[in-house]
Amino acid sequence: MKKIITNKNLIIVVLCITIVLLSVGFTLIAIKLENREKNDKIYDVSIVRVEQGTAIKGGASLPSGENSIENNGKTAEFLFNLSNPKDTLTYIITIKNNGNLKAQIDGLAESPDYLKDTNEANSILPVIINHNDINGQTLKPGEEIKLTVTAEFMSSGEPMPRAIPYQVSVLSSCVE
């Protein structure tokens, strides 16, 4: 009878130790998963580079421009200086997903909006500003996309110096 009690006690002790070890193990795994979940989700889509592309001279002087990246990489700011018919100035904006979440380009916020606002577009005539459409494109982590902005002095205009300000901001969202 004493042997049966000893065996039962041994089994109870082994089961208690097993339960304690399982509890400690699950607690450690839960802590690691929480830390990984907090540290791993990074959403960051921003403009990383603005490069001058082609500059086409329509008259005696080459068109020029200035650019800068503002607002923590969310906005590219330009000043286009064109003066002759057929002057063209192109900039290539590189937008990169620096995070580790998939992102989508929802649109561009332009100021002034020379593409959609007729009054603004007429105020800079004979210069036309346009860009390629990147709306709806998705970016995987580390992936880049190019936005090409072009300022063109129409061939039907009269020569006159024009300094045209322009800003474009990237609007994006997380896709999961």
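Two strands are said to pair if DSSP finds at least two bridges between them, and the strands themselves (E, at least two residues), like the helices (H or I, at least four), are DSSP runs numbered from the N terminus. Before you select anything, note that this is a predicted model, in which local features need pLDDT of at least 70, side-chain atom pairs count only at pLDDT 80 or more, and totals for chains, interfaces and linings use all residues. Residues are numbered from 1 along each chain as its sequence is written, and side-chain values use heavy atoms, with hydrogens and water left out.

**First stop: the open sheet**

Select strands S2, S3, S9, S5 and S7, which in that order form an open sheet with antiparallel pairing. At its edges you will find strand S2 (64-70) and strand S7 (138-139), each of which pairs on one side only. In general, strands of a sheet pair through backbone hydrogen bonds, either parallel or antiparallel.

Now go to strand S5 (residues 103-111), which pairs with S7 in the antiparallel sense over two bridges; here alanine 103 has leucine 139 in S7 as its bridge partner. Continue to strand S3 (residues 75-82), which eight bridges join to strand S9 (residues 162-174) in an antiparallel arrangement, with asparagine 81 facing its bridge partner alanine 163 in S9.

**Second stop: strand S4**

Select threonine 94, which lies in strand S4 (residues 88-97). Is threonine 94 buried or exposed? Its relative accessibility is 0%, so threonine 94 counts as buried, a word that here means under 20% relative accessible area, whereas exposed means over 50% and partly exposed in between (1.4 Å probe, protein chains only). Setting aside neighbours within four places in sequence, threonine 94 is in contact (heavy atoms within 4.5 Å) with Ser46, Ile47, Val48, Arg49, Glu51, Glu144, Ile145 and Lys146.

Strand S1 (residues 45-56) pairs with S4 in the antiparallel sense over nine bridges, and glutamate 51 has isoleucine 92 in S4 as its bridge partner. Nine bridges also join S4 to strand S8 (residues 144-153), and these two strands run antiparallel; one place to look is threonine 90, whose bridge partner in S8 is threonine 150.

**Last stop: helix H1**

Finally, select leucine 28, which is found in helix H1 (residues 2-40).
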